[in-house]
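Here's a friendly walk through one protein chain. Take a look at the sequence and the structure first, and then we'll go through it piece by piece.

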Amino acid sequence: MPTPRSSSLGICGRRRSRFIFPLHDDALALSTAASRLPLQATYSSSASSHRWKRRQHADHFVQESKEQGLLSRAAFKLIEIDEKHKLFKPAQTVIDLGFSPGSWTQVVVDRTAPNGKVIGVDIQPTRPPEGATAVHGDFLRADTLERLRVHIASLNARGAAQNESPSLSDSLAHSVENSVDVVLSDMLMNTSGVAFRDHSRSMDLSHAAYAFALQTLKPGGSFVCKFLTGQEDKLLESLLRKGFAVVKRLKPEASRRESRENYFVCLKRRHGVSKNEVYNDDMAG
Ligand SMILES: C[S@@+](CC[C@H](N)C(=O)[O-])C[C@H]1O[C@@H](n2cnc3c(N)ncnc32)[C@H](O)[C@@H]1O
């Protein structure tokens, strides 16, 4: 199994000076509200805070992410997935859904250079890492999706862009079909502790990300999606198999054992299979 110390992880050292943002830990990244607060304010003076600090101290992924200038230990999940499945190549277009604080985006920018186009989407107004652009908003909202489509179309049209361009016409937005190489979704909302509710909300995010992937991925493209395990994940898996020739479940080493978090890694997007075919209209939304 790869570890963060492997020399093949790719991101080590090569572009360290670009990773200039304050470091976050993975647990902090999971909490949309907490991630705006300083560490001390968020995790102070409780027994769980001390347990959390001890765990962080002992966590070699946290140490390694700090040493490498990565924004979160979550980077090592994507690094492991890419080591196993070779998702990224130079000059690809990659959409990173739920990118904040940005460690996956850092990995993607590094591995798609030169000429990669990397767009992060998050409900939080986080500045994207250098080399990426961002669309901010709730991915479950139609207006966010529309701004994302327009943003992709603008990158496609101009070859490179620094800012969102919401004024582009609808017809330009259609050019996003078959234009994306990889869609990633690490989206997760604040969990409630109620397993079924958290699972259902994670399924909502996963289905929305998959529907978007079906509308934008090139034939042969890849989709990686975080989900919380539960009774509906088999349905999602069966729908993923309609759209991709290869679908695998993966629990990366950096994913905490006690968490229900898991990933679908989907490769070789089938040519010509539409969102409506996969969802049979009644689930298309
Ligand atoms: C686990 S964090 C992602 C960590 C990130 N991959 C990294 O490596 O830094 C999950 C992110 O999903 C975002 N998120 C959750 N629900 C969302 C939604 N409906 N729309 C957009 N972003 C969402 C959260 O704001 C949070 O930043």
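How many of the twelve residues of S5 are buried? Nine are, so to speak, tucked away, and S5 counts as mostly covered. Keep in mind that this is a predicted model.

**The overall picture**

The chain is built from eleven helices and seven strands. It has 285 residues, and 39% of them count as buried. Take the contacts between residues at least 6 apart in sequence: 64% of these join residues at least 24 apart.

**How the strands line up**

| Strands | Sense | Bridges |
|---|---|---|
| S1 (residues 93–97) and S2 (residues 117–122) | parallel | five |
| S2 and S3 (residues 132–136) | parallel | five |
| S4 and S5 | parallel | five |
| S5 and S7 | antiparallel | six |

Let's start with S2, which has a partner in S1 and another in S3. Gly 120 is a handy landmark here: it is the bridge partner of Asp 96, and it also stands opposite Ala 134 in S3. S1 and S2 belong to a right-handed β-α-β unit, with helix H6 (residues 103–112) as its helix.

Is S2 mostly covered or mostly uncovered? Mostly covered: six of its six residues are buried. In a regular strand, side chains alternate between the two faces of the sheet. In S2, one side carries Lys 117, Ile 119 and Val 121, while the other carries Val 118, Gly 120 and Asp 122, and both faces are covered.

Back to S5, which covers residues 217–228. S5 runs parallel to S4, and Cys 225 in S5 stands opposite Ser 185. With S7, S5 pairs in the antiparallel sense, and there Val 224 has Val 265 as its bridge partner. S4, H9 and S5 form a right-handed β-α-β unit too.

**Helix H9**

H9 runs over residues 195–216, and its end C-alpha atoms are 31 Å apart. Why does that agree with what you'd expect for H9? Because 22 residues at 1.5 Å a residue should span 32 Å.

Among the buried residues of H9 are Leu 205, His 207, Tyr 210, Phe 212 and Leu 214. The elements that cover the buried residues of H9 include S1, S4 and S5, along with helices H7, H10 and H11.

**Around the ligand**

What surrounds the ligand? There are 26 residues around it, and the closest are Gly 98, Ser 100, Ser 103, Phe 139 and Asp 186. By kind, the shell divides into 16 nonpolar, seven polar and three charged residues. Helix H1 (26–30), H6 and S2 each supply at least two residues of this shell.

**A loop residue that's covered**

One last stop is Ala 254, which sits in the loop between S6 (244–250) and S7 (261–269). Is Ala 254 buried or exposed? Buried, because 24 other C-beta atoms lie within 10 Å, and the cut-off for buried is 20 or more.

Leaving out residues up to four places away in sequence, Ala 254 touches Phe 61, Arg 73, Phe 76, Lys 77 and Glu 80. Phe 61 is 193 residues away from Ala 254 along the chain, yet their C-alpha atoms are separated by 6.8 Å.

Key:
Residues numbered from 1 in each chain as written. Predicted model: local features only at pLDDT ≥ 70, side-chain atom pairs only at ≥ 80, totals over all residues. Helix = DSSP H or I, 4+ residues; strand = E, 2+ residues; numbered from the N terminus. Pairing = 2+ DSSP bridges. Right-handed = clockwise from strand over helix to strand, strands pointing away. Near = placed C-beta within 6 Å. Nonpolar A, V, L, I, M, F, W, Y, C, P; charged D, E, K, R; others polar. Expected span 1.5 Å × (residues − 1). Contact = placed C-beta atoms within 7 Å.
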